[in-house]
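Me: Please take a close look at a single part of this model, the contact between its two chains.

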Amino acid sequence: MAMRHVIVGAGPAGVIAAETLRAVQPESEVVLLGDEPEPPYSRMALPYYLSGKIDESGTYLRSRANPAEHYRALGIDLRQDRAASLDTERRSLRLESGEKLGYDRLLMATGAVPLSPPIPGIDLPGVLNCWTMEDARGIATRAAKGAEVVLMGAGFIGCIILESLVRRGVRLSVIEMGDRMVPRMMDQVAGGLLKRWCGEKGLQVHTSTRVTAIRKGGKNGRLEAVLEDGSVLPADLIISATGVKPAIDLLKDSRVETDFGVLVDQRLQSNIEGIYAAGDVCQGKDFSTGQYSVQAIQPTAAEHGRIAAMNMAGKSVLHQGSVNMNVLDTLGLISSSFGLWDGAEDGEEVKTLNEGGYRYLNLQFSGDHLVGAQALGLTNHVGVLRGLIQTRVRLGPWKQRLLEDPTAIMEAYLGCVQPIGYNASVLA
Amino acid sequence: MLKSLKIEAEKCTSCMQCELACSYQAEGVFNTAKSRIKIFTFHHEGRFVPYTCTQCSEAWCLHACPVEAIVLNPRTGAKEVLADACVGCKVCTIACPFGTVNYDEDTKVVYKCDLCGGDPECAKACPTEAITYVQSEQTGLERMRIHAAQAAGLAGGAADSGA
């Protein structure tokens, strides 16, 4: 009998895994479970739906015109259902529809769920996450022009939503409990510049404070957000973007080992043979640290999905570790960070800063290698920072040149990977 | 048989004809800032190196795109940006380890070399044949292979030779 692969979760990791399995093991059966009514879509694209740049179909991972046909044509059995429980002994899932679904290989691609801050009033109507399409529709309904909106969290997700809310013309207040914006992606300099940039654009970002309570206030069912210092912000809508955590509830009573996410080996297999994990739920190898951590970023989900599927199909492929990286557009100021952006132990660094022009570049070295970077205002050739880090290319003379001029990243990359010199064509 | 851009940097004089031709073909303006191909200057060596997307088989940009806005053109082998599907999230710009996908702050979408649909203007404009468009196998593509070899070390999952 043909091998049956069951993939729980129809986000990027799940969809890429399903497509990879169909490509490398066409005789196998592939079931892809998604628990939301929409065709597989990208959460990352929701802010662009909110800002009006795209309609709902613009968020679809595959085939805006006819997603059902895309999966059908590939022979992927896409079902709207939710895995309720897992029996690792019998290799079977019980679905919420009541069906029992056996598997030979199982992929946990369940993604993440929003954290709910433990404050009174968080469950009131009008307090929303921005995580699912349903959330986004709710925000779109309430975030009309002129509406007062409080956004809790100026981390990565908060900052992306921030942009689309401003575009909708709401009156926005942003509350971040960290001492700066995107504290887990950028340093004090960059986070500070981002905040100043927002201020210049007329947006108040309150850092080092938090919402301590939400209550109903005033007329028309409006809300009030109470801050740490006692001040009160009226709101038609409060959005909670205070972080996410891996969706591992399904594994609660199973023997599958979890930490923050699902613990896996380099083949992305859990401690239970035949059960794999990929994407935001997977505590996979970090290229820079060698440690296993949850990165929860799109490129890593894509890598995990492909590599898990190869191993599920019996083709041994080792995950060498993903580089943690992010890119963000905050009201037009573009920031990015890569790898050990906060520096390596015994490392060296170089920074170039133009505060007035909102330009910042920070390179982190360890020995003869680039190991991390942060950039503000850089839109050209930014990916080469990943290339320099992930190829572990020896910088040689280029290290000194970068210390003198950190902007010469493309030149450094080209100079390191292709022969450049008077006799280059002879030596090559 | 797919064709590729062959770049022989030692022949480049940095005349910028490729960048001008590229920007005019792609954007309708003579503006090197909009060019998909870029000449890099190496002062220490007195050299110029034209560089653009190698249409690598790993296609990091394509796989990183969350909304299928980068697709393979099977006729040319180029990875092409569908501007009307691109949401401008820029994940491809950080995913491409060669640094050859850029974000355009004017159009709010990303752009990259698409080989002009199979008739690249940069190669036609280059007066010194530093850029030519040739059968992929015929050339050996020395420099691009070097890049590919480097890229093979990237975490796309190297084959497990030990098991």
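How many salt bridges are there between chain A and chain B?

Reply: There are two salt bridges between chain A and chain B, a salt bridge being a side-chain nitrogen of Lys or Arg within 4 Å of a carboxyl oxygen of Asp or Glu. One of them joins K90(B) to D329(A), with 3.0 Å between the closest N and O atoms. On the side of chain A that touches chain B, at least two residues come from each of α7 (298–312), β22 (325–330), β23 (333–339), α8 (384–390), α9 (397–404), α10 (409–417) and α11 (424–427); helices (H or I, at least four residues) and strands (E, at least two) are DSSP runs numbered from the N terminus. This side holds 27 nonpolar, 22 polar and 10 charged residues, where Ala, Val, Leu, Ile, Met, Phe, Trp, Tyr, Cys and Pro count as nonpolar, Asp, Glu, Lys and Arg as charged, and the others, Gly among them, as polar.

In total, 59 residues of chain A and 49 residues of chain B take part in the contact, meaning heavy atoms within 4.5 Å. The buried area is about 4800 Å², that is, the accessible area (1.4 Å probe) lost on putting the two parts together, summed over both. Carbon and sulfur atoms give 58% of that area.

The model is predicted: local features need pLDDT of at least 70, side-chain atom pairs count only at pLDDT 80 or more, and totals for chains, interfaces and linings use all residues. Residues are numbered from 1 along each chain as its sequence is written, chains are lettered from A and ligands numbered from 1 in the order written, and side-chain values use heavy atoms, leaving out hydrogens and water.
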